[in-house]
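Dear colleague,

Please find the structure below, followed by a short account of what was found where its chains meet.

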Number of protein chains: 2
Amino acid sequence: MRAAVLHEFGKPLVVEDLHCEDPRAGEVRVRLAASGVCRSDLHVLHGRSPVARLPMVLGHEGAGVVEAVGSGVAGLRVGDPVVIALYGPCGACADCRAGRIERCMGETRRNNMFGLMPDGSTRLSLGGRPVHPMVGAGTLAEATVVREAQAIAIPHGVPLDLACLAGCGVTTGVGAVLNVARVAAGSSVAVIGCGGVGLNVVQGARIAGAARIVAVDTQPGKLDLASDLGATDLVRVAADEPASRAILARVPGGVDTAFEVVGHPELVREALLSTRPGGMAVMVGAPPDGAQLAFEARQLFWDRALVGTVGGGNVPQRDIPRLMELHLRGRLDFAKLVSQRLPLARVNEAFGALEQGELARTLVVP
Amino acid sequence: MRAAVLHEFGKPLVVEDLHCEDPRAGEVRVRLAASGVCRSDLHVLHGRSPVARLPMVLGHEGAGVVEAVGSGVAGLRVGDPVVIALYGPCGACADCRAGRIERCMGETRRNNMFGLMPDGSTRLSLGGRPVHPMVGAGTLAEATVVREAQAIAIPHGVPLDLACLAGCGVTTGVGAVLNVARVAAGSSVAVIGCGGVGLNVVQGARIAGAARIVAVDTQPGKLDLASDLGATDLVRVAADEPASRAILARVPGGVDTAFEVVGHPELVREALLSTRPGGMAVMVGAPPDGAQLAFEARQLFWDRALVGTVGGGNVPQRDIPRLMELHLRGRLDFAKLVSQRLPLARVNEAFGALEQGELARTLVVP
């Protein structure tokens, strides 16, 4: 089974032939149809993420077809189309049992997060040495073995090479709007960063009925996409230009909700500065490990809220089917998010494009 | 009319004989029975508050009896006992009209905040020169003239020299729990700073039914009070000791909600570090103007929320009567909050005690 493996931080990925075991009890093997490449992959590549554990198969946004099921798997059968979820709730921790599934931090989830199965093993190896799938997913590959809870069945009508985006980018962006901020119809929103996730914040805000959606980016191509997906105001900023100033010029007094979707603490501060008193800033982007966030404390004082989110507060079993439903009804666009498709052999080009920041999402098709 | 006036930042207050006009249309004059002294007064004294405008009568937490009413005042009569509210909603801005009264930032409220009546005038003067009442209240005085909306009628049974605490300290502390964090019964809470406001966060958490209430302070006397008011765990820290470490030792994994009630950005960070993933930190203390708040952005990432509040999200006309009701039913203690009573002539001693940080609340009785 071929997969894109990170052996050393900062170095290009190497497409390797890995041994992929059969699924054990409660697990399924998924033949992957496509994988998105996301900024969190880039953080792992550069050793700026706590979830890195080398050697690691990158990718955490995939979809495919179940090709083998382990014993005790009740909800999935061979041939089922599935999206690989960012996490599979453990079902056993206090949060899962209390229905706060999005906060699951059970040992199973924690192990998944660090590229391990619940028992600390992996199903992937190279020359007998274990290889870790990023966040238990490792989707930049031809196949992956995941716990049943991490593979979400979807309707047959959705093309798999689009559905994969629901694994992270779409769920995170739309979830940040619907689950975390609970954007109100008629309210005003700003979105700082219109990449693969930010464009879905724009779509989510449109779905929620926001009256003003101010999209901010340095790249005109991304702003065009934001416009197609529902942004009402497009603001192109220079890299060193404060986004808040441009947003406040459009919405005097500040927006109700501002989203930072880059993973840069300076821009989180800009998001906060863009909100009205009583408003909320949501940090959707994953900041690099160790990065400090600083702002004037008085900003917060005026009834503002600054909220973080891992993946948009999603409960995969609830939210991924909801996104598929919205897509099938024509309200959630997947196709416009795809900038280019590359074969697995050219996976490093996908990372190069991400670092350039000019494209929305690159799909890697094994 | 005697009042404690700040003429120069950092200098002692001077008790002056001011001219206090009759109330104009929509205003009432209140003969004050007592005023608390709060950290926000101290920020003004030292020129670290945006609401400072000299010369200023300090004090913003008072109660008394209506002694004169202007034309058009419908809801108050001479002889009514009232608490002076931190603000009087303007009733006219978009937020007031939409029922988000706690977010009122109408011109009337803004003028009040900077010690002015809605038309930019004041009712106080010294030798013909206007004097500004802090946040429109100026309660360290024998009397004050406020808009009707800023004087809240209370039942006759509550002693005025205790009721005054509902003007700021009690409302802010209890409001931060009930209105802002909406602490859930059975959840865990940490309170960093057990002064006049923090003790009310403790009481509020007890009223909300929190299962664990970890009180943190440097002063054993304040921790004793916290215990009396409902804290389940008392943690005395040295001034340079990280509060989060002590809290995490008591509640492994972190509390559901942590409150910072000092107004020190370092402690806001400690509050955030004390919360569980998915938890909330509430900045209740008013930070000095310009103070920076900094923390590792990843802290926020794990579904945490950091929330600010001006005065605990209170709607005075709703919340002050609610607090009186709780007090009359024996669930909310006012008397324990009072450390000492001083006459107006000794007002500077009250500020000295506040800077020492050893006492809960000093009441100044004119």
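In this predicted model, 40 residues of chain A are in contact (heavy atoms within 4.5 Å) with 40 residues of chain B. The area buried between chain A and chain B (accessible area, 1.4 Å probe, lost on putting the two together and summed over both) is about 3,300 Å². Carbon and sulfur atoms give 59% of that area. A:Arg298, A:Phe301 and A:Asp303 supply 19% of the area that chain A buries against chain B, more than any other three residues.

Four salt bridges (a side-chain nitrogen of Lys or Arg within 4 Å of a carboxyl oxygen of Asp or Glu) are found across the interface. One of them joins A:Arg298 to B:Asp289, with the closest N and O atoms 3.9 Å apart.

On the side of chain A that touches chain B, S17(A) contributes the largest share, five residues; strands here are DSSP runs of E, at least two residues long, numbered from the N terminus. S17(A) pairs (at least two DSSP bridges) with strand S17 (residues 292-296) of chain B in the antiparallel sense, over five bridges. Within this pairing, A:Ala294 stands opposite B:Ala294.

As to conventions, residues are numbered from 1 along each chain as its sequence is written, while chains are lettered from A and ligands numbered from 1 in the order in which they are written. Local features need pLDDT of at least 70 and side-chain atom pairs count only at pLDDT 80 or more, whereas totals for chains, interfaces and linings use all residues, and side-chain values use heavy atoms, leaving out hydrogens and water.

With kind regards

How values were computed. Helix = DSSP H or I, 4+ residues; strand = E, 2+ residues; numbered from the N terminus.
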